[in-house]
Amino acid sequence: MSNSFKHICVIGLGYIGLPTAATFAAHGVKVIGVDVNQHAVDMINQGKVHIVEPDLDALVRDVVAQGKLSAQLAPTEADAYIVAVPTPFKDDYQPDLKYIESAAKALAPFLKPGNLVILESTSPVEATEQMSAWLSEARPDLSFPQQKGEEADILVAHCPERVLPGKVLQELISNDRIIGGMTPRCSKAACDLYKIFVKGACIETNARTAEMCKLTENSFRDVNIAFANELSVICDKLDINVWELISLANRHPRVNILQPGPGVGGHCIAVDPWFIVAKTPEQARLIRTAREVNDAKPEWVIDQVKIKIADFLQANPNKTIQDVTIACYGLAFKPDIDDLRESPALEITKSLAEQGLNIFAIEPNIDTLPENVLKNVRLISLEESNIANIHVILVKHRHFENIKNNFDLNMLVDSCGLLK
Ligand code: SAJ
């Protein structure tokens, strides 16, 4: 272990900050985790977790019990600081850096010459420089890279996380890491820090390139999913099975189309491309359109359900819309996880229920429905689902693999190609 990083302070104990803090702690570093959420702080200090991620609970329990990780509401003195706070966008899709600003202002009083401050949050280009400017405003007695370059008292870098929810603990260690220092010395120091546990390559660049690299990765995926989603809408018009089409096209050695779905969910891919659009609205035409295509997909699925309702009522003239029951399969934002945040499946189910339709939800990964979100929806088991008249597949969960015989395929909307 590098001698220079004995104590670190991780600010923001969410889906990235907490696994990062616990992994450093498991590799012998004394970690203070900081979060403004008292509940999160209390849970962590009891060795428990407030988020769902495989194996994180056992890791946190162990490192807290060993005294290597503890949580508190405010930062403290450390050798390095990692900022892993949310970076949402505002109503007009402009990035909102207020959490980075508060983190910078909270940690600034504790800075000492030689300290390293890393921004891990996915951020628009120039956010690292902005964070450094906030630090410098708060600490005019210290020098920062934008003022003194390699001679600065404080080292600043951007090191975006790139882990996949559901595989965070493995990917934190095995993924290559892009390390973007405000100067080469900043990059080198940040590399030394991450090498404590990263087994992938730590690749040095500058802060702006590192910021853009993370946004590029998620925009690349968004654009490619938009292509698949657009194909699904085109194929529906032309009466072509899009799943068969994609599998055939993918037999070309240089074609690799992703899968259409009910829309793009999660907290990253549906957000990060907007950071590029906000900075360069004139130039980022394809990236913006991809976002619009993916954001329009849930509404298209809802329209497909309405077509099935009309078909059902035509085939059953003695029934009214009040008699129709609809089973929605899956609520999570992607397969085989229980995370419902920013989920197109949840959005579709909610919208159908709000239109007064009788909705059953089947989500084997959760025990109860989020109360305020889904009113008038009943959570049922997969075995009970054949009571519904119309079946809407929203997530390709493993649990659903054998449901083909459960119902009349004419009354099916398969938004993610489960049954092809
Ligand atoms: N999706 C499709 N079709 C596909 C693939 C995905 O519709 O063919 C949908 C999923 O159902 C989901 C959404 O896209 O709703 C996003 O899922 P995902 O698995 O593509 O990505 P995330 O959001 O779980 O994680 C991404 C990852 N980025 C990339 O793969 C480029 C991860 O590595 C990042 O660390 C993460 O964003 C992040 O934190 O930025």
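This is a predicted model: local features need pLDDT of at least 70, side-chain atom pairs count only at pLDDT 80 or more; totals for chains, interfaces and linings use all residues.
Eight strands form an open sheet in the order S3-S2-S1-S4-S5-S6-S7-S8, and their pairing is mixed. The edges are held by strand S3 (69-72) and strand S8 (202-206); each has a single partner strand, so one side of each has no neighbour in the sheet. From one strand to the next, the twist averages 25°. Within this order, strand S4 (residues 80-83) and strand S5 (residues 116-119) run parallel and are joined by four bridges. Val83 stands opposite Leu119 in S5.

**Ala361**

Ala361 lies in strand S10 (residues 358-362). Its relative accessible area is 0%, so Ala361 is buried. Leaving aside residues up to four places away in sequence, Ala361 touches Cys328, Leu331, Leu369, Val377, Arg378, Leu379 and Ile380. Ala327 is 34 residues from Ala361 in sequence, yet their C-alpha atoms are 5.8 Å apart in space.

**Cysteines**

A disulfide is a covalent bond between the sulfur atoms of two cysteines. The structure holds zero disulfides. Cys159 is in no disulfide, and the nearest cysteine sulfur belongs to Cys191. For Cys186, the closest cysteine sulfur is in Cys159, and the 10 Å between them is too far for a bond. The table gives the sulfur distances.

| Cysteine | Nearest cysteine sulfur | Distance |
|---|---|---|
| Cys159 | Cys191 | 7.6 Å |
| Cys186 | Cys159 | 10 Å |

Are these cysteines, Cys159 and Cys186, buried or exposed? Cys159 counts as buried because its relative accessibility is 0%. Cys186 counts as buried at 0% relative accessibility.

Technical notes: Residues are numbered from 1 along each chain as its sequence is written. Side-chain values use heavy atoms; hydrogens and water are left out. Helices (H or I, at least four residues) and strands (E, at least two) are DSSP runs, numbered from the N terminus. Buried means under 20% relative accessible area, exposed over 50%, partly exposed in between (1.4 Å probe, protein chains only). Contact means heavy atoms within 4.5 Å. Two strands pair if DSSP finds at least two bridges between them. Axes are lines fitted to C-alpha atoms, for helices over the stretch in contact, and angles run from 0 to 180 degrees between N-to-C directions. A disulfide is a pair of cysteine sulfur atoms within 2.5 Å.
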